[in-house]
Amino acid sequence: MYESKRCERVVLRFPRSSDFTLERGVGVNWHHNWFPNGAPRDSAPPIDDSERWDTLLSELTVARPSCLRFGYAARRFTNENGAIDFGAEGFEALARLDAWAAKHNCILCFDPWMIPPAHSFGAGTDGSVADAPADPQRYVDEFLVPVMEHIRNTLNLRSVRDFILLNEPLTYGEDGTSRAAFSCPEGIDRFSVYFEVHRLLRQRMSERDIDFNVIGPDTNSTLYWAVDYLRDRDLDLTPFIDAYDQHSYWVRFDYLPPNPSVAATVPVGDNVDNQIRTNARFARSHGKPYYITELGTFYYGWRRGDPFGPARHDAVILEAEMIVRCMAVGVGGFYRWAFIAPGEYGDGVWAFVNT
């Protein structure tokens, strides 16, 4: 079935040259060993299943992404004391993707997705968990730097050029509280800690000649610009990162009504003109590119509504329109969620291929 597959290419011709550079192009997310509660299987085949891996890489060649974000949750390769298992299978998977990427001109990004619990503040007296690093210097020296040096120096992976510290920090829970990604105990400012981690990491990268492009703040919505909250505190990430980014799921076609029972979306034109254009302009005015490192739409369904909503033809066309409109305002890269995912489960059906 794979040998006979055909993928028609669409050529876009614009009336004039673009004012912007598409630094990363259009790519995908790959969340390795993603096996959340309720999922029927792991997101990827076993590392020793060469036949299924050959098929998976063949499908990746059909898709031809120009960039790929490799998510590999830190809990998969660290123990309760924070020790890193560099023999974990995700690093072998990353090496296979690096070899593939070298042949297909694809740029990889590594994202450890979370802060290892051993480095986090942990549970408070009220039972709530604060996941931000309690000791930023230790987190940098004992986790981030060793992972970077293992990828670059030990494994010698040259297509892995980008690095995101963790998935969707500085966001808020559905109840509007701060008990969500990168949360801190009461009295400790999460934005200040996030800034300090980046400052310390850049210092170590300079001292040890580590040449990754660091991307941030990787927040969960283009409607929420964490940079504003940093600037309110006179904190500027720009010297310590190489690109700004956000995720995008909360849009719908301009002509469609809201669908609040599924998700609180906004018209795509409004989002591009009023938020994304402004954020991309901010990044580029500071000499940095701006990427959308997760791209999809909740409008047609996900964990609420139809779980097959993300796989609808309408959703794909909406994402294509989002890409074209965003290219015009300076977005330099798009990473569609997701090339692989663990099948049909509570978060919706997002995968390009059935693993």
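Two strands count as paired if DSSP finds at least two bridges between them. Helices (H or I, at least four residues) and strands (E, at least two) are DSSP runs, numbered from the N terminus. In this predicted model, eight strands close into a barrel with parallel pairing, in the order β1-β2-β3-β6-β7-β8-β11-β12. Neighbouring strands of this sheet are turned by 30° against each other on average, direction ignored. Axes are lines fitted to C-alpha atoms, for helices over the stretch in contact, and angles run from 0 to 180 degrees between N-to-C directions.

**Ground rules**
- The model is predicted: local features need pLDDT of at least 70, side-chain atom pairs count only at pLDDT 80 or more, and totals for chains, interfaces and linings use all residues.
- Residues are numbered from 1 along each chain as its sequence is written, and side-chain values use heavy atoms, with hydrogens and water left out.

**Strand pairs in the barrel**
- Strands of a sheet pair through backbone hydrogen bonds, either parallel or antiparallel.
- β3 (residues 107-111) and β6 (residues 160-164) pair in the parallel sense over three bridges. Leu108 has Val160 in β6 as its bridge partner.
- Five bridges join β8 and β11, again in the parallel sense. Glu294 in β11 stands opposite His247.
- Three bridges join β11 and β12, also parallel. Gly333 in β12 is the bridge partner of Tyr291.
- From β11 the chain crosses through α7 to β12, and this β-α-β crossover is right-handed. That label applies if, with the strands pointing away from the viewer, the path from the first strand over the helix to the second runs clockwise.

**Cover over β11**
- Six of the six residues of β11 are buried (under 20% relative accessible area; exposed is over 50%, partly exposed in between; 1.4 Å probe, protein chains only).
- Helix α6 (residues 268-285) lies across β8 (243-248) and β11 (290-295), at about 130° to β11.
- Helix α7 (residues 313-327) lies across β1 (25-32), β8, β11 and β12 (333-340), at about 175° to β11.

**Ser120**
- Ser120 belongs to strand β4 (residues 120-123).
- Ser120 counts as buried because its relative accessibility is 12%.
- A polar atom of the Ser120 side chain lies 3.4 Å from the backbone oxygen of Pro116.
- Leaving out residues up to four places away in sequence, Ser120 touches Ile115, Ala130, Asp131, Ala132, Pro133 and Ala134. Contact here means heavy atoms within 4.5 Å.

Methods. Polar contact = N/O pair within 3.5 Å; in protein donor to acceptor, adjacent residues only side chain to side chain.
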